Amino acid sequence: MSEEVFELGGVVGRRLLCPRCGRVLSWIESQHRGGNTYYYAIHYMGSFKDSRGKVRKKVKRCYLGPYSYIYVTQLHRDLNLILRGAVDSNRAFYYLDAFVDAILGMELDKSTMIEIASKLERLVWVIRSYVEKGGREEVFRAQSEERDTKDIQGDKSTPS
Ligand SMILES: [Zn+2]
């Protein structure tokens, strides 16, 4: 879970932010179904009186996922990386931003920085290739054709 630092009356505190919607998380609820535990982030929206005059909490629920999801999220906590579900179409951007923030916040030696830079250069190259050649499948096909061509050339250059 990512946290938000807030100040209230001179007191600095932290509160958890919902990985789904980014709002402040009031508490987490779990539900046990079919041998699995599913977690929900609860956002307290205030209270109201129902038709019988009973005070009820108004809450919004965000589904967080099963236990394994929470567990993996905890493992990534040091990177401030909250794993997002498949429903979030912007998750690539989210991961990338979280990654960049994490890297920039680390004390890294020169060789590690060079290694990270070369990995990022490779990523940029691969993504540009996908875009230019019309998709991932096209790049794989082009690479395997290139490999086949090299093999044939290699056979030709072999002295007979
Ligand atoms: Zn939420």
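The chain exposes about 12,500 Å², of which carbon and sulfur atoms supply 54%; accessible areas come from the Shrake-Rupley method with a 1.4 Å probe, and for residues only the protein chains shown count as cover. This is a predicted model, in which local features need pLDDT of at least 70 and side-chain atom pairs count only at pLDDT 80 or more, while totals for chains, interfaces and linings use all residues. Residues are numbered from 1 along each chain as its sequence is written, and side-chain values use heavy atoms, with hydrogens and water left out.

**Overall organisation**

- The chain contains four helices and five strands, where helices (H or I, at least four residues) and strands (E, at least two) are DSSP runs numbered from the N terminus.
- Read from the N terminus, the order of elements is β-β-β-β-β-α-α-α-α.
- Of the 160 residues in the chain, 21% are buried; buried means under 20% relative accessible area, exposed over 50%, and partly exposed in between (1.4 Å probe, protein chains only).
- Among contacts (heavy atoms within 4.5 Å) with a separation of 6 or more, 24% involve residues 24 or more positions apart.

**Zinc site**

- The zinc ion has as protein donors Cys18 (SG), Cys21 (SG), His43 (NE2) and Cys62 (SG), at 2.1 to 2.3 Å. Donors are N, O and S atoms within 2.8 Å of the metal (3.2 Å for Na, K and Ca); water is not among the atoms, so sites may look incomplete.
- The site is tetrahedral, with angles of 96 to 116° among the four donor atoms; for four donors, this term requires all angles to lie between 85 and 135 degrees.
- Ideal angles for four tetrahedral donors are 109.5 degrees.
- Along the chain, the donors of the zinc ion are spaced as C-x2-C-x21-H-x18-C.
- Because histidine 43 belongs to strand 4 (residues 36-49) and cysteine 62 to strand 5 (residues 55-66), the pair ties together parts that are 19 residues apart in sequence.
- Both histidine 43 and cysteine 62 are buried.

**Pairing of strands 3 and 4**

- Strand 3 (residues 27-33) and strand 4 run antiparallel and are joined by seven bridges; two strands pair if DSSP finds at least two bridges between them.
- Serine 30 is opposite tyrosine 39 of strand 4, and glutamine 31 has tyrosine 38 of strand 4 as its bridge partner.
- Two residues lie between the strands of this hairpin, in which glycine 34 adopts a positive phi near 55°.

**Salt bridges**

- The structure holds two salt bridges, each defined as a side-chain nitrogen of Lys or Arg within 4 Å of a carboxyl oxygen of Asp or Glu.
- One joins arginine 61 and glutamate 29 (3.1 Å, N to O). This pair links distant parts of the chain, with arginine 61 in strand 5 and glutamate 29 in strand 3, 32 residues apart.
- Arginine 61 is partly exposed at 47% relative accessible area, and glutamate 29 is partly exposed at 27%.
- Arginine 56 and aspartate 50 form a salt bridge whose closest N and O atoms are 2.6 Å apart.
- Arginine 56 is partly exposed at 38% relative accessibility, whereas aspartate 50 is buried at 17%.

Notes. Four donors count as tetrahedral if all angles lie between 85 and 135 degrees; four count as square planar and six as octahedral if opposite donors are over 155 degrees apart and all others between 65 and 115; anything else is irregular.
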